[in-house]
Amino acid sequence: CAPPDVVVWPQAVGQVQELAALCHRSRVPMVPFGTGTGLEGGVNAVQGGVCFDLSRMDAIAELSLEDFSVTVEPGVTRKALNKHLRGTGLWFPVDPGADASLCGMAATGASGTNAVRYGTMRPNVLNLRVVLPDGRLLHTAGPGRQPRKRAAGYDLTSLFVGSEGTLGFLTQATLRLHPLPEATVATVASFPSVGAAVACTVQVLQATVPVARIEFLDEVMADACSRFSGVGLPAAATLLLELHGSRHSLAEQQQQTEEIVRQNGGSGLAWAEGLEEREQLWSMRHNAWYAALALRPGCQGYSTDVCVPISRLPDVVVETKQDLQASGLTGPMVGHVGDGNFHCILIFNSQDPEEAHRIHAFTQRLGRRALAAGGTCTGEHGVGLGKRELLQEELGQEGLDTLRSIKAALDPHNLMNPGKVL
């Protein structure tokens, strides 16, 4: 952990501007902070400086039910927003698991379990209010604007989504809301192998079953989650599926899903329709990190992710499973396989340099395996500190030089979250 020299808690955008201008004049590094749930070291102050904790800017500034949009400050988390939206018939579906800051989710380009149907943060952000490194204020789509689509100039909103705090402070986000589904059902299916579970995922998507979530657990993760949460899953490759739709349409979707599961050797389908049953299921999934840590009490965890084209997913997952076993690592696998994104939660003894070296070597091989399959070294965690070398291999020198040019234009003194991404 690399702590900052100073922490400040601004409560209004004007204070962020004043503090940024002061740091800019004094050439002091600045590190934005939301809730600290990022996984790639994005809030580590590797050059010291000032940490801007934006959690006290927590206003929900504007809600438009007719426009399906809401404007929030960086202290608003996804759970707080959805609690505020109760009774409106709308919700914000992007769910990375942690109760993260919504502006922080925009900064890291987060996604999660619902992305297969509702998309990642990028298409769900309509506008951003950004304090630039010198204190100037930028509205990426223009002040007060929230069109559903636009073709006016460069897409500045998308530029800042996923910028990981390296270009400016996201002090307000206008987000796209979605109607709550009329009906929801969820189920769990067990498979004879990892390959069968992932092949089933591909076939469900190819059959255009409108799944809202389709999550994968390997047999190690399924057994760990079962013991940690007391759910009673078999120690087998597992899929968790959720369908959203009308009551009439869900019956047909369930039948279609059951048929594909059976064709791939799956078993154990029992549909949960009640809210309490579904919440228990997804609570188990969201507690996967803690379930993995419980496999080796006293050890630490490191979660890494990649994303590959759906057609390459079965092969990449099977190869990664074989690599984990050959490396002698404890690394249960879990993933949002509906969009080709999966994670390895690596549990290791931080006091054992040899094991730490094997962890690092494995993560590099995993990233390069994804790149060789036409994918990306990170689908949602971001680059941060750990994947800068892989980013260069992914984008090539011209791509990286273009990113550096953008960074230099907006932050010529490299004060915003230095040492990250580039």
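A crossing of two helices is called left-handed if the near helix is turned anticlockwise from the far one by less than a right angle, and right-handed if clockwise. The model on display is predicted, so local features need pLDDT of at least 70 and side-chain atom pairs count only at pLDDT 80 or more, while totals for chains, interfaces and linings use all residues. Residues are numbered from 1 along each chain as its sequence is written, and side-chain values use heavy atoms, without hydrogens or water.

**First stop: two helices.** Select residues 194-206, helix H7, and residues 247-263, helix H9. (Helices are DSSP runs of H or I with at least four residues, and strands are runs of E with at least two, numbered from the N terminus.) The two pack at an angle of about 145 degrees, with their axes 9 Å apart; axes are lines fitted to C-alpha atoms, for helices over the stretch in contact, and angles run from 0 to 180 degrees between N-to-C directions. H7 passes H9 in a right-handed crossing.

Next, select Cys200, Gln203 and Val204 in H7, which meet Ile260, Val261 and Gln263 in H9 (contact means heavy atoms within 4.5 Å).

Select strands S1 (6-8) and S2 (30-33), then S3 (residues 50-53). They form an open sheet in the order S1-S3-S2, with parallel pairing; strands pair if DSSP finds at least two bridges between them. S1 and S2 stand at the edges with a single partner strand each, so one side of each has no neighbour in the sheet. Between S2 and S3 there are four bridges, and Phe33 has Asp53 in S3 as its bridge partner.

Finally, select residues 13-26: helix H1 packs on the sheet and touches S1, S2 and S3.
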